[in-house]
Amino acid sequence: MSTAPTTPRVSTRAVLLALLVLSLLLAGVVSFYASSQPDGLEKVATSIGFIDTATDSMAANSPLADYQLQGVDDDRLAGGAAGIIGSLVVLTLALGLFRMSGRRRGRAAAPSRTG
Amino acid sequence: MHVPDGFLSAPASAATAAVAIAGVAIALRRSRDELDERTTPLAGLVATFIFATQMLNFPVAAGTSGHLLGGALAAVLVGPWTATLCITVVLLVQALILADGGLTALGTNITLMGIIGVWVGYAVFCAARRVLPARLSSIPVAAGIGAFVSVPAAAGMFALMYAAFGATSVPLATILTAMVGTHVLIGIGEAIITFLIVSSIVAVRADLVYGARTVRLAPASPSGSAIYSSAQTDRSTR
């Protein structure tokens, strides 16, 4: 049994919030400054010569395709919006998934500690 | 390292889809043993963070960029089975909504990044953790090492897949050296980012970090440093 730490600790909520804010900032703002060079796989495919066998995915007509929100003229805004929307979709799906799989667990093994 | 449609033959795409489905099915069951009430939301945030960070391509060589894969990072933070699920959700959203990575190639990408990337990263992390001193400060270092190896491992697996089932015929040695060479560089970026994130969370809430649970915190000493007190003590909840 560990005793309560004597130093004030950062709440779980604070950690989660920090991760969320950081993610949204990265996806919404910093992403604009990301390198536009081809990634490692694309570069290898190009230099070896099989890049042209790539076909467009069926999702190519999605309103967020290629990380740009359709209908928004400004590149920075279009990209940032796509990043934020994508992040929130991932967050919603992931939380839903993990909450659901957690609920299927049977009786609790032990009383849970307050977070 | 998102594989587009068309690179691998249709049977190969189907086979990797089967591998991915099996892997995700097992992960769905086993991830329940890794998560508790505090870490379930953390898993959601880890997936979100990986999605966001994968948008940030960084230059690694002339005309080449890389981005975080995130498998090792997720495994160290929330456990390897949960990590597979995190990466799968990210890849799903990327493929379906952002047209990043092919749809028929989704199984391939889940296999490469969600299974190989996660499990090689986690295995190397565990090995490094065993070798390093049993202190909290070793956890981010071990995580960085796992992250570093995971990227060329996934890239190497793609090279093997392509040499066997690719749309064009390429000698294995050619594509293997090209993929592994490039992705060793990307692995350096992966290692740095992983180290920094794991470091930050271990510093404030090591109890939330799955990979740190073998290092027990003693009650805070007057100097405020964490003291290694016991190893491998089992707790029925995390």
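This is a predicted model: local features need pLDDT of at least 70, side-chain atom pairs count only at pLDDT 80 or more; totals for chains, interfaces and linings use all residues.
**Figure 1. A:Tyr67 sits in the loop between α2 and α3 of chain A.** A:Tyr67 is not a glycine, yet its phi is positive, at about 60°. For background, a negative phi is what most residues other than glycine have. Is A:Tyr67 buried or exposed? With a relative accessibility of 16%, A:Tyr67 counts as buried, because the cut-off for that label is under 20%.

**Figure 2. Chain A is built from 3 helices and 0 strands.** Reading from the N terminus, its elements follow the order α-α-α. Chain A has 115 residues, of which 32% count as buried. Among the contacts in chain A with a separation of 6 or more, 46% join residues 24 or more positions apart.

**Figure 3. Chain A and chain B bury about 5,700 Å² between them.** Carbon and sulfur atoms account for 72% of that area. How many residues does each chain bring to the contact? Chain A contributes 65 residues and chain B contributes 74.

**Figure 4. Polar contacts and a salt bridge link chain A to chain B.** Across the interface, 10 residue pairs are in polar contact. The helices α1 (12–28), α2 (40–48) and α3 (75–103) of chain A each provide at least two residues of the side that touches chain B. Which of the elements gives the largest share of that side? It is α3(A), with 15 residues. Sorted by class, the side of chain A that touches chain B holds 35 nonpolar, 21 polar and 9 charged residues. The count of salt bridges between the two chains is 1. Its partners are A:Arg9 and B:Asp207, whose closest N and O atoms lie 3.7 Å apart.

**Figure 5. B:Arg38 makes a polar contact with B:Asp207, side chain to side chain.** The distance for this pair is 2.7 Å. B:Arg38 lies in the loop between α1 (10–30) and α2 (39–53) of chain B. At 12% relative accessibility, B:Arg38 counts as buried. Look also for B:Leu208: its C-alpha atom is separated from that of B:Arg38 by 7.5 Å, although the two residues are 170 residues apart along the chain.

**Figure 6. B:Ala99 is another residue with a positive phi that is not a glycine.** Its phi is about 55°. B:Ala99 is buried, with a relative accessible area of 19%.

**Figure 7. The largest nonpolar core has 89 residues.** B:Leu77, B:Phe158 and B:Met179 have the most contacts inside this core. Helix α5 (residues 106–131) of chain B gives the most to the core, with 10 residues. Zooming in on B:Met179, and leaving aside residues up to four places away in sequence, we find that B:Met179 touches A:Leu41 and A:Val44 from chain A. Within chain B, B:Met179 touches B:Met1, B:Ala155, B:Phe158 and B:Ala159.

Note on methods. Residues are numbered from 1 along each chain as its sequence is written. Chains are lettered from A and ligands numbered from 1 in the order in which they are written. Side-chain values use heavy atoms; hydrogens and water are left out. A nonpolar core is a set of buried Ala, Val, Leu, Ile, Met, Phe, Trp, Tyr and Cys residues joined through side-chain atoms within 4.5 Å. Buried means under 20% relative accessible area, exposed over 50%, partly exposed in between (1.4 Å probe, protein chains only). Helices (H or I, at least four residues) and strands (E, at least two) are DSSP runs, numbered from the N terminus. Contact means heavy atoms within 4.5 Å. Buried area is the accessible area (1.4 Å probe) that two parts lose on being put together, summed over both. A salt bridge is a side-chain nitrogen of Lys or Arg within 4 Å of a carboxyl oxygen of Asp or Glu. A polar contact is a pair of N or O atoms within 3.5 Å; within protein, one must be able to donate a hydrogen and the other to accept it, and residues adjacent in sequence count only if both atoms are side-chain atoms. Ala, Val, Leu, Ile, Met, Phe, Trp, Tyr, Cys and Pro count as nonpolar, Asp, Glu, Lys and Arg as charged, and the others, Gly among them, as polar.
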